[in-house]
Amino acid sequence: QVQLVESGGGLVQAGGSLRLSCTASGRTDSSYAMGWLRQAPGKERAFVVGITQGGSRTVYVDSVKGRFTISRDNAKNTVYLQMNSLKSEDTANYYCAAASRNPFSTNWYKQASYDYWGQGTQVTVSS
């Protein structure tokens with residue numbers, strides 16, 4: 001079992017920045033591909049960004065390219081999501097998720113690709 005805990009959410013003005021963290025505990029001897037997904041009010045949870053087990057490759061949805069950056073520190077079992085130039089449409093509950101295998105192609109977008117989930121952290125962007 002792996003437990004994921006997100007932190008770093010909050011209220012920020014449009015154009016501002018936040019950095020989310022997701023720390024894993026439990027069976028972290030095996031590395032995991034990590035993803036951040038978000039759920040806005042009234043919408044389904046959707047993929048935002050992912051990073052492979054080794055950290056060599058990242059995947060972003062178009063709406064956050066150039067604004068969000070995912071990174072990982074495997075020594076600390078932590079994944080980060082740096083969010084810059086935030087927009088009101090970025091308001092959502094952000095979840096980190098771990099996949100036992102690097103998802104292939106569009107499987108990054110599928111929730112079924114992920115084996116473990118955090119509880120989420122709320123990000124609210126005021127306009």
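## A buried disulfide, its surroundings and the aromatic pairs

Cys22 is buried, as is Cys96, where buried stands for under 20% relative accessible area, exposed for over 50% and partly exposed for what lies in between, with a 1.4 Å probe and protein chains only. The model is a predicted one, in which local features need pLDDT of at least 70 and side-chain atom pairs count only at pLDDT 80 or more, while totals for chains, interfaces and linings use all residues. Residues are numbered from 1 along each chain as its sequence is written, and side-chain values use heavy atoms, with hydrogens and water left out.

The two cysteines form a disulfide in which the sulfur atoms are 1.9 Å apart, the term being applied to a pair of cysteine sulfur atoms within 2.5 Å. This bond joins distant parts of the chain, since Cys22 belongs to strand β3 and Cys96 to strand β9 (residues 92-99), 74 residues apart; strands are DSSP runs of E with at least two residues, helices are runs of H or I with at least four, and both are numbered from the N terminus. The torsion about the S-S bond of Cys22 and Cys96 is about 50°, and the disulfide is therefore right-handed. A search of the whole structure finds one disulfide.

Strand β3 also holds Ser21, which counts as buried because its relative accessibility is 14%. When neighbours within four places in sequence are left aside, Ser21 is in contact with Val5, Glu6, Ser7, Trp36, Thr78, Val79 and Tyr80, contact meaning heavy atoms within 4.5 Å.

Strand β3 (18-26) comes up again at the largest pocket, where β1 (2-7), β3, β7 (68-73) and β8 (78-83) each supply at least two residues of the lining. The volume of this pocket is about 180 Å³. On a 1 Å grid over the protein atoms alone, a pocket is an open set of points with protein on both sides within 12 Å along at least five of seven lines, whereas a cavity is a set where a 1.4 Å probe fits but cannot get out, and lining residues have an atom within 4 Å of a point. Of the 16 residues that line the largest pocket, Ala24, Tyr32, Arg72, Asn74 and Asn77 are the closest to its centre. Asn77 lies in the loop between β7 and β8 and has a positive phi of about 55° although it is not a glycine. With 30% relative accessibility, Asn77 counts as partly exposed.

A positive phi, near 55°, is also found at Ser105, again a residue other than glycine. Ser105 sits in the loop between β9 and β10 and is partly exposed, with a relative accessible area of 43%.

The structure holds four aromatic pairs, where rings of Phe, Tyr and Trp (its six-membered ring) pair if their centres lie within 6.5 Å, and planes under 30 degrees apart count as stacked, over 60 as edge-to-face and the rest as tilted. One of them is the tilted pair of Phe47 and Tyr109, 4.8 Å centre to centre with 50° between the planes. This pair links distant parts of the chain, with Phe47 in strand β5 (residues 46-51) and Tyr109 in the loop between β9 and β10 (116-117), 62 residues apart. Phe47 counts as buried at 6% relative accessibility, whereas Tyr109 is partly exposed, with a relative accessible area of 42%. Phe47, Trp108 and Tyr109 form one aromatic cluster.

Definitions and conventions: Grid points are joined across faces, edges and corners, and a volume is the space filled by probe spheres set on the points.
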